[in-house]
Amino acid sequence: QPLPTADGTVAICRKCEAERTMFRISGSKLLAAMLATTLLAAACGSEDATTEAGSPIAEFLGQEDFFTGLDDEDAQARFAEEQRQQEELVASCMAEQGFEYTPVDYSDFNFAGTEDGLDFDSREYAEKYGFGITTQRYSQAQVGPDLVGWDDGAIDDEEDGFQDPNADYVNTLDEATQEAYYAALYGDEDDFPAYDPETMTEEELAEAESAAFNFEPQGCYGEAWANSDSGSANQFYTDFDEELTELYESIEDDPRITEIMNDVANCVSDSGYEYRLDQEFQESFYQQWDSRLAEVDDLVGFQDPTEGMSEEDFAAMSEEELEALFSNPPEMPAEAKAKLGELQAEETAMAVAVFDCGGSFGNEDLLNAYQEVAAEYEQQFLDDNADRLEDYRG
């Protein structure tokens, strides 16, 4: 639930909502199954990594342009238009509930961009950012000039940063009205999945994570999403979750795919690393890296910027004071930097090995083979379920 006072906190929450919506627009169920998101990056980030096979399911849902050579500018334009439609629907919904709402312009929101102009499928990107695990965990300001972090310059640059046009209006509302405003916009706080690692069991945490991943937008955002161009597609991925999981597991197990994937795995193994492209390995791979980074997290520690402050103190802060309060990262101790440096060196070396073995985003042989095989399976799925699918057609 966004904080109902600070302009900055509203902006952060809105950006997270945009990112989550973007991910669902691109077909999370479908694309996450495509070699554990490797092919998503290829489809959205590389003009060369295209095939004539396309995706029958994407075409059926009206999302075929994600599989037909979509470049960064076209992807940006599609996302912006989708968001424009939804923002107009949100404004209408909020007006019906007695609130003002100015549609947010997401035309400059970059969801298919690269760091430093480097393509995701380039060796240079692998050399600097690896897989983007340890190198995008902390900001550049935290890690210092000798390590790699995510670019925090955009946050400090008011001209390029996200500006919520509704912030001034929200700040004119009293606390109770602000809470009602956010409930109308995002849904009731009780609708959000609970997540408390300190009190939940591992099984409960797993259920909470699954619920968060599959969480549907609520409030006016939920209504706008359901009535937007991608609403039926999103409902399709939700309703056919289990069937699609089985479908893409079958594609991944197809001999034409496993042969290429095994070639990549064997080549990487010769460089001294274990790495496979199948979804099961990818999931455990990122979990293992996350566990290893937990040591760095512990060394850095969590510093609550509002610790010791009363609600009155917080409410009395100016916009500039709030921005300074939340933008200053906790200091990273030398021991944490040393450990992070070791992990970044290992990650980038592995990423380069994967690239050299043809396991990068731009492996056209793998991408082409996958999409050709997937097209066969997808078309069969559409034929077998034709009587159930008419309501989802894009």
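Helices here are DSSP runs of H or I, at least four residues long, numbered from the N terminus. The model is predicted: local features need pLDDT of at least 70, side-chain atom pairs count only at pLDDT 80 or more, and totals for chains, interfaces and linings use all residues. Residues are numbered from 1 along each chain as its sequence is written, and side-chain values use heavy atoms, leaving out hydrogens and water.

**Helix α16**

Now select residues 279-300, the 22 residues of α16. From first C-alpha to last, α16 reaches 31 Å, close to the 32 Å expected at 1.5 Å a residue. That expected span is 1.5 Å times one less than the number of residues. Stop at A294. There α16 bends by about 30 degrees, the angle between axes fitted to the seven residues ending there and the seven starting there.

Colour by burial next. Buried means under 20% relative accessible area, exposed over 50%, partly exposed in between (1.4 Å probe, protein chains only). In α16 the buried residues are F281, Q282, F285, W289, L293, V296 and V300. They pack against α7 (140-143) and α19 (334-356). Contact means heavy atoms within 4.5 Å.

**The cores**

Which residues touch the most other members of the largest nonpolar core? Select I57, F236, L244, Y275 and V296, in a core of 48 residues. Such a core is a set of buried Ala, Val, Leu, Ile, Met, Phe, Trp, Tyr and Cys residues joined through side-chain atoms within 4.5 Å. Elements giving two or more residues to this core include α4 (56-60), α13 (231-239), α16 and α20 (364-384). Another core, of 20 residues, lies apart from it; among its members are A91, Y106, Y181 and Y186.

Go back to Y275. Beyond four places in sequence, Y275 touches F131, A265, V268, F281, Q282, F285, M350 and V354.

**G219**

Jump to G219, in helix α12 (residues 219-227). Is G219 buried or partly exposed? G219 counts as partly exposed because its relative accessibility is 32%. Its contacts, leaving aside neighbours within four places in sequence, are A183, A184, L185, Y186 and G187.

**Zoom out**

Show the whole protein chain. It has 21 helices and 0 strands. Of its 394 residues, 43% are buried. Among contacts between residues at least 6 apart in sequence, 75% join residues at least 24 apart.
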